[in-house]
Amino acid sequence: MLKINQGDITLSQSADNKIEAIKNIAQSLTAKQLVQPGYVQGMLNREQQNSTYLGNGIAIPHGTTDTRDQVNQTGIAIHHFPQGVDWGDGQTAYLAIGIAAKSDEHLGILKQLTKVLGAEGVEQRIREAATEAQIIALLNGDVQFDIDFDPALIQLNFPASDMVQMAAVAGGLLKNTGCVDSGFVADLVTKEPTHLGQGLWLVGSEQHVQRTGLSFVSTANDCEYQRSKVRALIAFSACNNAHLDTLKRITELVYQQQQHTLFDASAEQLITLLTGRSASAVDPVAGDNTAVFRIKNAHGLHARPGAMLVAEAKKFESSIQVTNLDGDGKSVNAKSLMKVIALGVKHGHQLQFTAQGHDAADALESIGNAINAGLGES
């Protein structure tokens with residue numbers, strides 16, 4: 001996969017419009033001998049076909065498939081525009097990543113970028129970045145915006161007999177997922193947890209933390225702590241502010257006396273209740289319409305066919321999720337270009353679409369027709 005280094009980034013750039021910005025980026029690609037001079041026309045043609053704006057202040061200008069013979073070597077050139085560049089349709093780009101790819105090597109970096117750029121607050125941090133290192137940290141995902149919480153951080157119905165066991169398991173989950181090291185677990189078991197009512201307890205530590213995370217442990221046993229029932233323990237590892245939204249959600253649950261909703265929830269339901277996110281790879285519910293289509297595009301779902309697919313999904317009111325059956329199995333919103341490209345779909349991959357709503361069947365039929373027609377590519 002392509003890796004970003006400081007030599008790929010040019011800071012403090014300005015351009016009157018996206019055409020000028022693209023031409024300047026093409027010059028950088030040419031100067032690095034990644035492309036031949038004619039590649040710039042492919043970049044301009046691509047922009048005419050579909051905007052290469054991804055979202056959150058990021059654009060990814062690149063050439064058309066018929067200008068790949070102009071690529072000498074796969075690589076990138078990144079221009080930072082602190083004042084922004086109008087990328088059309090009211091969208092402003094603060095970072096433009098020019099991509100030169102001989103085949104589909106760029107899909108890996110697109111997948112990496114789209115995962116990072118889906119978080120809130122990225123655009124402002126990009127706009128305010130002052131060094132190449134800060135930009136690389138943002139694009140590599142070293143800057144955390146969302147709390148770590150997934151099924152690997154959940155242990156349901158653990159046969160615990162006391163709070164120390166609960167805390168040890170909760171800390172172990174955070175350690176196993178790389179959020180903390182052993183010192184955190186040792187510190188956590190000495191902490192005095194807070195009772196939130198109805199058997200729900202909360203504990204946390206800032207010691208020996210690498211990433212802000214949340215773990216949830218419930219018990220089927222009738223154990224007590226300080227003469228109060230223990231049903232579940234929520235544990236935080238905190239090294240930034242990524243946990244604040246989840247704390248607000250927990251506070252609201254407690255205020256509404258809804259703690260009990262957590263005790264019988266599945267892992268997927270817990271993720272939604274505590275973060276507002278949908279769990280990855282959630283199974284379709286009864287009444288959903290589901291269909292599987294194979295991608296025919298020679299170079300997979302890069303920006304243009306990806307945009308065509310998303311545009312087709314947006315024509316319908318139904319909620320539509322898509323899963324790359326040949327990828328990591330995660331289900332994402334089919335109406336989000338960033339999330340669709342993040343699936344890393346290559347030629348021949350099978351996509352499973354699940355739609356809910358009054359026009360779900362029509363949506364799947366239309367999406368299938370668009371995919372079979374090549375999503376704008378012959």
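1. Ground rules first. Since the model is predicted, local features need pLDDT of at least 70 and side-chain atom pairs count only at pLDDT 80 or more, while totals for chains, interfaces and linings use all residues. Residues are numbered from 1 along each chain as its sequence is written, and side-chain values use heavy atoms, with hydrogens and water left out.

2. Overall fold. You get 13 helices and 14 strands in the protein chain; helices (H or I, at least four residues) and strands (E, at least two) are DSSP runs, numbered from the N terminus. The C-alpha trace spans about 75 × 50 × 30 Å along its principal axes. Of the contacts with a separation of 6 or more, 71% are between residues 24 or more positions apart, where contact means heavy atoms within 4.5 Å.

3. Buried residues come to 51% of the 378 in the protein chain; buried means under 20% relative accessible area, exposed over 50%, and partly exposed in between (1.4 Å probe, protein chains only). The accessible surface is about 17000 Å², with 45% of that belonging to carbon and sulfur atoms; areas come from the Shrake-Rupley method with a 1.4 Å probe, and for residues only the protein chains shown count as cover. On charge, there are 29 positive and 39 negative side chains, and the centres of the two sets lie 3 Å apart. Lys and Arg count as positive and Asp and Glu as negative, leaving out His and the chain ends, and each charge is placed at NZ of Lys, CZ of Arg, CG of Asp or CD of Glu.

4. Helix α6, geometry. This helix covers residues 163-176, and its 14 residues should span 20 Å at 1.5 Å a residue, which agrees with the 20 Å between its end C-alpha atoms. The expected span is 1.5 Å times one less than the number of residues. At the start of α6, a side-chain oxygen of aspartate 162 comes within 3.2 Å of the backbone nitrogen of valine 164. After the helix comes glycine 178, with a positive phi near 85°.

5. Serine 237. This one sits in strand β10 and is buried, with a relative accessible area of 0%. A polar atom of its side chain lies 3.0 Å from the backbone oxygen of arginine 211. A polar contact is a pair of N or O atoms within 3.5 Å; within protein, one must be able to donate a hydrogen and the other to accept it, and residues adjacent in sequence count only if both atoms are side-chain atoms. Not counting residues up to four places away in sequence, the residues that serine 237 touches include Leu174, Phe184, Ser205 and Thr212.

6. Most residues other than glycine have a negative phi, and two residues are worth a look here. Serine 12, in the loop between β1 (9-10) and α1 (18-31), has phi near 55° and counts as exposed at 62% relative accessibility. Glutamine 33, in the loop between α1 and α2 (39-49), has phi near 60° and is exposed at 60%.

7. Glycine 357. Look for this residue in the loop between β14 (350-356) and α13 (360-372). Glycine 357 is partly exposed at 47% relative accessible area.
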